[in-house]
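Work through the exercises below with the sequence and the model side by side. Try each task before you read its solution.

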Amino acid sequence: MSITAEHAASLAATSSRPAVTAVQAYGNKLGLWNMWVAFAALALGLPMGLFQAAERSGFFPGIENTAVYFASTSTHGVLLAFVLTTFFAMGWGYHTMAHSVNKKPFFGWTSFWVSLVGTVMAAIPLLTGYASVLYTFYPPEFAHPSFYLGATLLVVGSWFWVADMIIAFVQWKKENPGKPVPLVMFMFTMTALLWGWTSLGVASEAVFQLLPVVFGIAPTIDVGLARTLFSWTLHAIVYFWLMPAYIAMYVILPKEAGGKLFSDEFARIAFVLLFIFSVPIGFHHLYVDPQQAAGWKLLHMFGTFMVAVPTFLTGFTVLASMEIAGRLRGGKGLFGWIGALDWNNPFVLGGGLALLMLTVGGWGGVLNAAYTWDVMVHNTQWITGHFHLIFGGTTVIMYLVAAYWLWPKITGNALFSRALAVWQLWLYFIGMVVLTAPWHVLGLIGQPRRVSTTDQYAAFPEYAQMWGIYEAIMIVGAVMLVVSGFMFVYNLFMTHFNKVPAADTKVEYAVAIHEPMRLPNVLNSLAFWNWAMLAYMILSYGYPIVQFFFMEGHHTIPWGV
Amino acid sequence: MTPEEEKKILATSPIGTWVILAIYSVLFTLGWLGMYALFLSHGPVH
């Protein structure tokens, strides 16, 4: 039940609620549908994670089943890493487009339905065990054609969203020459542009490498080329997931905390740096692959380290904004502002917990960027612990608090229970720490990732004995996360049908201490960064891809058939 | 809070944030070096 223009006008007549325009009502409805799909994926995917933790532990022989384990792992990954993220970004992006620049998308419902059909097409082979490829696109593993077609449609659907965001951005700039594009719109369009660039890699792999083989048109595949193309997508996709979380930190958290954004310009600089440094660095996923030379891996390694710069900038700007809010609320001294913040506000709490997880996860990311460290922990549970902390932790917790902020504004109904939201966020945070800390340790003491049951390691009792306690702790963390996930969905569902109207449905973003009147063009447009990305991509991926055309491959199919 | 006090807060450098980030940077570096010292000598995890 989203607010229609008529409903909103009638509410405005009887209360102090602001009316929404027809464009905003459209954005609300589109945003709501997209985000419900996203959170349905969360609700379905979380219990699968618990099953995997339990199955792998070896404590429950009755549920051990390798085929089900890998089908579950693949589905869990697709639901949470692809469906939750893509639909959430599209939903909130469309909502932002309507509320920040008052633009109606051209392809809104096309994007939604194409992506949804793709998701269903991919889900069928996943759930029936025909796509247990661990939600990656790494050949020589192959899934049922329906999985690749569905995944491709999900990506194609999201391209309609990318086009909509860019069109709205350009239109607004033309109508408002010289004015700064609203920060939230600038950030979302940068996110969309990043996704457009990064998804080209996996799309090329699917169309020119995987699909010809699974349809029987080509006899074999060039594994080196396919893996190189997938690496193009594999790291930057993480920033496509993370950037909406950062957007929430920059444009909502300061206001919810009772203050202002420390710097609009810092936020823009962080986003353009994230954009430019996150795509051409995928070779750190190929450090132990033989098809690329060490020099290219070194170049990508330096680029990977550079991503730490906008991450630190984000940490500083968001924390400084929280400090300002705390001081405006009466906090004194060096750290008195921390206690002065309203930690019973779900947004403030979620933002603080997300930053805490980012400190540890970011540290692990910088460790992983180095070739020496990466080689040591390659294919161990350290990696899964790391990406669950950054993605499941920092990223998803910000999606949850963004939903708590968005639902009352979209539906017009008050948040069902603020206390439940606060408890849910604490449980989520503790659950994520309890899950991922032992996971990192398991990696360091030798447990490989992507194993269905530790019983398979009975031949190596000295290892398996060390794993038991950590496996048990992980199960506790997974239970906490599942309970927390259901508390979230319940609260959202009850909000959706809450009879109590929301006190404030006006969509307002945080303003900066010094709102910019004018900005340098590089912080207010896409063109320069688009060209810069093209140049950087040619530099870092040009030769590594072109080389395959000159190699004597075994039945290589470089580009199509 | 008076408008003057608010202006003063908005104009002040976020010293608490600087201190937190300084502490974090030190811990970050020490942790990084510590992990290398502890584990790299063991070679790849098997």
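**Exercise 1. One residue and its surroundings**

Task: Leaving aside neighbours within four places in sequence, find which residues Val155(A) is in contact with. Then decide whether Val155(A) is buried or exposed.

Solution: 
- Step 1. Contact means that two C-beta atoms, placed from the backbone, lie within 7 Å.
- Step 2. Helices are DSSP runs of H or I with at least four residues, strands are runs of E with at least two, and both are numbered from the N terminus.
- Step 3. A residue is buried if 20 or more other C-beta atoms lie within 10 Å of its own, exposed if 12 or fewer, and partly exposed in between; these C-beta atoms are also placed from the backbone. Val155(A) has 21 C-beta neighbours inside 10 Å, so Val155(A) counts as buried.
- Step 4. Look along the chain: Thr119(A) is 36 residues away from Val155(A), yet their C-alpha atoms are separated by 9.7 Å.

A note on conventions: this is a predicted model, where local features need pLDDT of at least 70 and side-chain atom pairs count only at pLDDT 80 or more, while totals for chains, interfaces and linings use all residues. Residues are numbered from 1 along each chain as its sequence is written, and chains are lettered from A and ligands numbered from 1 in the order in which they are written.

**Exercise 2. Two helix pairs**

Task: What is the angle between α3(A) and α5(A), and what is the angle between α10(A) and α12(A)?

Solution: 
- Step 1. Axes are lines fitted to C-alpha atoms, for helices over the stretch in contact; angles run from 0 to 180 degrees between N-to-C directions.
- Step 2. α3(A), residues 66–100, packs against α5(A), residues 145–175, at about 25 degrees, and the axes are 11 Å apart.
- Step 3. Angles under 35 degrees count as roughly parallel, over 145 as roughly antiparallel, 65 to 115 as roughly perpendicular and the rest as oblique. α3(A) and α5(A) are therefore roughly parallel.
- Step 4. Find the meeting residues. On α3(A) they include Phe82(A), Met90(A) and Met97(A); on α5(A) they include Leu154(A), Trp161(A) and Asp164(A). The contact divides into 7 nonpolar, 3 polar and 1 charged residues. Nonpolar means Ala, Val, Leu, Ile, Met, Phe, Trp, Tyr, Cys and Pro; charged means Asp, Glu, Lys and Arg; the others, Gly among them, are polar.
- Step 5. Now take α10(A), residues 264–278, with α12(A). Their axes come within 8 Å and cross at roughly 155 degrees. α10(A) and α12(A) are therefore roughly antiparallel.
- Step 6. Among the meeting residues are Phe266(A) and Leu273(A) from α10(A), and Val309(A) and Leu313(A) from α12(A). This contact of α10(A) with α12(A) has 9 nonpolar, 2 polar and no charged residues.

**Exercise 3. Chain B against chain A**

Task: How many residues of chain B are in contact with chain A, and which helix supplies the largest share?

Solution: 
- Step 1. Chain B has 2 helices and 0 strands. Of its 46 residues, 11% count as buried.
- Step 2. Count the contacts: 22 residues of chain B meet 26 residues of chain A. The largest share of the chain B side, 12 residues, comes from α2(B). That side divides into 16 nonpolar, 5 polar and 1 charged residues.
- Step 3. Check the span of α2(B). The expected span is 1.5 Å times one less than the number of residues. α2(B) has 25 residues and reaches 36 Å from first to last C-alpha, close to the expected 36 Å.
- Step 4. The buried residues of α2(B) are Gly16(B), Thr17(B) and Ile20(B). They pack against α12 (308–328) and α13 (336–340) of chain A.

**Exercise 4. Positive phi**

Task: Where does Asn379(A) lie, and where is Arg450(A) found?

Solution: 
- Step 1. Asn379(A) lies in the loop between α15 (371–377) and α16 (381–411) of chain A. Its phi is positive, about 60 degrees, although Asn379(A) is not a glycine.
- Step 2. Arg450(A) is in the loop between α17 (418–444) and α18 (461–496) of chain A. Arg450(A) is not a glycine either, yet has a positive phi of about 60 degrees.
- Step 3. Asn379(A) is partly exposed, with 14 other C-beta atoms within 10 Å. Arg450(A) is partly exposed, with 14 other C-beta atoms within 10 Å.
- Step 4. Gly446(A), which follows α17(A), has a positive phi near 105 degrees.
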